[in-house]
Amino acid sequence: MTDTAVPENTLPDSDGTEQFHSVGADLRDTTAPSGPIQERWDKRKFEAKLVNPTNKRRLSVIIVGTGLAGASAAATLGEAGYQVKNFCYQDSPRRAHSIAAQGGINAAKNYRNDGDSTYRLFYDTVKGGDFRSRESNSYRLAQVSANIIDQCVAQGVPFAREYSGLLDNRSFGGVQVSRTFYARGQTGQQLLIGAYQALERQIGAGTVEMNTRHEMLDLIVVDGKARGVVVRDMVTGAIETHFADAVVLASGGYGNVYFLSTNAMGCNVTATWRAHRKGAYFANPCYTQIHPTCIPVSGDHQSKLTLMSESLRNDGRIWVPKKKGDERAASDIPEDERDYYLERRYPAFGNLVPRDIASRAAKTACDEGFGVGPGGLGVYLDFADAIKRLGRDTVEEKYGNLFDMYARITGENPYETPMRIYPAIHYTMGGLWVDYDLQSNIPGLFVTGEANFSDQGANRLGASALMQALADGYFVLPNTIGDYLAGGGFEKVDESHPAAREAKAAVEERINKLLAVNGERTVDSFHKELGQIMWEYCGMERTAGGLMKAIALLRELKDEFWKDVKVTGVNEDLNQTLERAGRVADFFELGELMCIDALVRSESAGGHFRAESQTEDGEALRNDDEFAHVAAWESGGDTPVLHKEPLEFEYIEMKQRSYK
Ligand SMILES: Cc1cc2nc3c(=O)[nH]c(=O)nc-3n(C[C@H](O)[C@H](O)[C@H](O)COP(=O)(O)OP(=O)(O)OC[C@H]3O[C@@H](n4cnc5c(N)ncnc54)[C@H](O)[C@@H]3O)c2cc1C
């Protein structure tokens, strides 16, 4: 942690949050249909204008991202006949971060006949998100979930099957049914291969132009509409402009603002942040998900954390010793001296409580001195009972690759000693604000997958991110973008347009500015310090004082970054330091907005836990009178503008979440 002192004059009164922001007009989602919730999506699809097949060939769409959200959208729009230009910063679309997803994808198929339904998945999502998502969106997500499985099976995705040959299911946190479809611990990889095959088919057919190793660095807005992007060719350094009739950002989440996270090292916020700076609202940035089952941090050298999939909580039991500071080996601690604290505190859901609750419970156990392993920052995830009940072979069949990964990283054998786990940053529920059509407040700019502020509210249930990414890309966007494109009126734009020239010049200027600093400190050392500030003050627990301190520290560190960062090499070459420097510069600005959002939202909800707002037994305490809204932020430098979109609950009664 930095020991930089906070200048006194930057510390406001404890309730002086207004100096960090201003409040703009309320926001409304004008595309959200009304009527019975079961009929809203069909109604919207029917009312949307259609583009006839011949006209589709004349319309173009840029899609930034080739993860599940981007690849599924590019393949589907290409198949529909649009001209698609697809971008990613990896050397192959198949290397998008989605490939890391392990545990599974939810769908309300009710194959287990255990009482599941579209309505129950909708209910679980709204409750799981602590009543901070839109009912219409969550219902549509649940509705479309069943189509995703059919689509993926048709593509040949090898979902696990049970003995009878039917697709198998398992359970994830926050639910009491089994609705998670999976392919061992490699679900994301198999789903992405399915989407990638469909994408490659379109590349072969000439409907999709693929641009790998191209990083979007700005959005081009012409007459108020999104019409293109500025990208850097990451191999030659060439700054290029590309144009289309609409732009889709499917650029993933921003968890790496914390430096250490379970996200792929390349994940960053630049695409959405640059769009934000061009006018797109950023919604609920403080909603971050901290996953309870990650391998604990082992030292200063680490640049990444490893997730142990939530699926492990189906069979693993979480416990800590009942005695503080107990240093005995797990196997020497008898049964009656173990505290299976989730089973004790939440008997109805046990080890399968939602992530926010499991993470906080682990933190509490460790803070109170019951943690295990180095520094007491760990709890046990124990498979001894499962191995006794199911046999080692079955456990190996279900989770083998995860166990192998754990053994490789820790040098411990999880079949013999319990795994040690601790919470880590994993997913971001915040993102660019979109309406029901997935369109941002900039006409023609659509945002899908983890990059949008999502249907998940203040906490995402496990196995629901893949569901959302594919729902958006295969089913929602292909229907809604047509309504926009059918409106037509897209005048030809090229690189000579003043808006394009201006955007390109701004990108070049920023790159030159980064290269010109020529200071002493590495980009990574700044990123690490930024991450420490975020984790300490805007991590698992937040307070007004801590957040104000974080804002002051971030501002100071950002100034230092622009005076002392050392970016080696030149632009006209492969230059990973330059790439990282640009991303970290954006993370500084995002981090500040996250802290402001967290400060202004003085309630607790889902993953956003304000220590000042908790129930007697330490659960998140919402304040529905003041905060039942989406916080959509307009860029405004040091004082961003807050627009509130009120949330209405017609179907599910808002009450204190209980998993007891
Ligand atoms: C370890 C791990 C395991 C997970 N397991 C599960 C699970 O089991 N179930 C589940 O539901 N969810 C899981 N998740 C969450 C889930 O994987 C992600 O939320 C989801 O894959 C995001 O998909 P996406 O398409 O939105 O973004 P991504 O897959 O992150 O793709 C982003 C794309 O955007 C491109 N891009 C980004 N910025 C730029 C730019 N500036 N210019 C050009 N291209 C850019 C990238 O190149 C990439 O192609 C897991 C997450 C992690 C970290």
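This is a predicted model: local features need pLDDT of at least 70, side-chain atom pairs count only at pLDDT 80 or more; totals for chains, interfaces and linings use all residues.

Let us begin with the ligand. There are 37 residues around it, and those that come nearest are Gln90, Ser98, Gly103, Met216 and Glu450. If you sort this shell by class, you find 17 nonpolar residues, 17 polar ones and three charged ones. Several elements contribute to the shell: helix 3 (68–80), strand 7 (214–222), strand 16 (419–428) and helix 12 (465–486) each provide at least two residues. Strand 7 gives the largest share, with three residues.

Now zoom in on the polar atoms of the ligand. One of its oxygen atoms lies 3.1 Å from a backbone N or O atom of Tyr89. A nitrogen atom of the ligand is found 3.1 Å from a polar backbone atom of Gln102. Met216, already met among the residues that come nearest, has a backbone N or O atom 2.7 Å from a nitrogen atom of the ligand. How much of the ligand does the protein bury? Taken alone, the ligand exposes 1000 Å², and the protein buries 98% of that.

From here, move on to the sheets. Strands of a sheet pair through backbone hydrogen bonds, and the pairing can be parallel or antiparallel. This structure lets you look at both kinds.

Five strands make up an open sheet in the order 6-3-2-10-18. At its edges are strand 6 (208–211) and strand 18 (445–447), each of which pairs on one side only. On average, neighbouring strands here are turned by 20° against each other, direction ignored. Within strand 3, Lys85 stands opposite Ile62. Helix 6 (residues 187–205) packs on this sheet, where it touches strand 3 and strand 6, and its direction makes about 110° with that of strand 6. Helix 12 lies across strand 2, strand 10 (246–249) and strand 18, and runs at about 150° to strand 10.

The antiparallel case is an open sheet of five strands, in the order 12-16-15-13-14. Its edge strands are strand 12 (288–294) and strand 14 (338–339), each pairing on one side only. Strand 12 and strand 16 run antiparallel and are joined by five bridges; His291 has Ala424 in strand 16 as its bridge partner. Helix 9 (residues 355–367) packs on this sheet and touches strand 12, strand 13 (317–321), strand 15 (379–382) and strand 16. The direction of helix 9 makes about 65° with that of strand 12.

Technical notes
Residues are numbered from 1 along each chain as its sequence is written. Side-chain values use heavy atoms; hydrogens and water are left out. A residue is near a molecule or strand if one of its heavy atoms lies within 4 Å of it. A polar contact is a pair of N or O atoms within 3.5 Å; within protein, one must be able to donate a hydrogen and the other to accept it, and residues adjacent in sequence count only if both atoms are side-chain atoms. Accessible areas come from the Shrake-Rupley method with a 1.4 Å probe; for residues, only the protein chains shown count as cover. Helices (H or I, at least four residues) and strands (E, at least two) are DSSP runs, numbered from the N terminus. Ala, Val, Leu, Ile, Met, Phe, Trp, Tyr, Cys and Pro count as nonpolar, Asp, Glu, Lys and Arg as charged, and the others, Gly among them, as polar. Two strands pair if DSSP finds at least two bridges between them. Axes are lines fitted to C-alpha atoms, for helices over the stretch in contact, and angles run from 0 to 180 degrees between N-to-C directions. Contact means heavy atoms within 4.5 Å.
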